[in-house]
Amino acid sequence: MKKLIPTLCLLLLALMTTACSPRSCLLEPTLGYTPQVCHITTLPSAFPDLTPEERCSDWGKELLVGEKLACELDLYRAITAFKRAHILFAGEDNLEREQQIEYGIFFSYYLGGRYQDALNNFECGTLTDVNAQFPAIRELLIAVYDSYMHTEQYPKAFRILELIDACDTEIGVRLRTADSLVLGDLVAAKCLASDLPCEEVNLIEGFAQEYCCKKLSVRKAQTLNAILPGAGYYYVGQEKAAATSLIINTLFTAAAYTFFEKGNWAAGLITTSLELGWYIGGINGAGLAAKEYNECIYNTLGKEMMIKGRLFPVLLFQTAF
């Protein structure tokens, strides 16, 4: 018995240390924005209108169909139409129109969230050779950068970001600020935002303050649940989980005590190990519940703020198809 108690104490301490791992406290937001038809349809085309002869050509008709469908965000059919236009265009001596068609394919994939497909079309076509005179160069660079970030090809993304900085410094700052917000790094976001107009700075400051006021302490949730099973869940507003945790831990503790009192050590140890599992799991679960609560608040407030501040890359576009 004298050796058993220290052993159980060490086991309990080890499990508590594992359950309260700092990794579980890290904020992992999922900020994102889906393009809206009402926004895309308001954006003018960056390219010159087709001539009457081009409109009558087979590739010209397909291009017009693709643009119409893409503006309605019927992207699957739009990509098909753009690809048909590209096939029918083969042999024509007009690089500008060829790049316009390829841009339609690339941009449709991008708006549809198929970032790797967008990059495959970008890297295999003529768009990699465009210069500053390309009508949609601004939108192309933003979309390529964002696609590389989504596919975690960071070295390529940073090279594109250098080109963006050379064209328009404010866009580069907006993209960096947006990346920091998406990652949940409010300190970096506020630091980067100091180079933005006052309106955006105030939005980010207001968001940071509101989030800090509403968020819960992961550590506090874990500590409360360690002191009294269920208290951590109650702290994050999960009353049913709190009651369940308290009842289960109480029953297992009572059962273990009864077994030990009657000298049934085998059953007592088994019940104690089960209770430790529930106890440690409850501590970790309360921390995760607080973390999920914080992420929900961050995503809701952050998305609203980033839309108002036009910080999502899609909202930086001035032209579409």
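Which helices do the buried residues of α7 pack against? Start with the model itself. It is predicted: local features need pLDDT of at least 70, side-chain atom pairs count only at pLDDT 80 or more, and totals for chains, interfaces and linings use all residues. Residues are numbered from 1 along each chain as its sequence is written, and side-chain values use heavy atoms, leaving out hydrogens and water.

The protein has 16 helices and 0 strands. Helices (H or I, at least four residues) and strands (E, at least two) are DSSP runs, numbered from the N terminus. The radius of gyration, taken over C-alpha atoms, is 28 Å, well over the 20 Å that the globule rule (2.2 Å times the number of residues to the power 0.38) gives for 321 residues, so the protein is more spread out than a compact globule. Its C-alpha trace spans about 95 × 45 × 35 Å along the principal axes.

Now look inside. Of the 321 residues, 44% count as buried, meaning under 20% relative accessible area with a 1.4 Å probe, protein chains only. Take contacts next, that is, heavy atoms within 4.5 Å. Among those between residues at least 6 apart in sequence, 66% join residues at least 24 apart.

Zoom in on helix α7, residues 115–124. Its buried residues are A118, L119 and F122. They cover an arc of only 95° around the axis, which puts them on the same side of α7. That arc is taken from the directions from the helix axis to the C-beta atoms. An α-helix has 3.6 residues a turn, so residues three or four places apart point the same way. The partners of these buried residues are α6 (95–111) and α8 (137–150).

Conventions: Buried means under 20% relative accessible area, exposed over 50%, partly exposed in between (1.4 Å probe, protein chains only).
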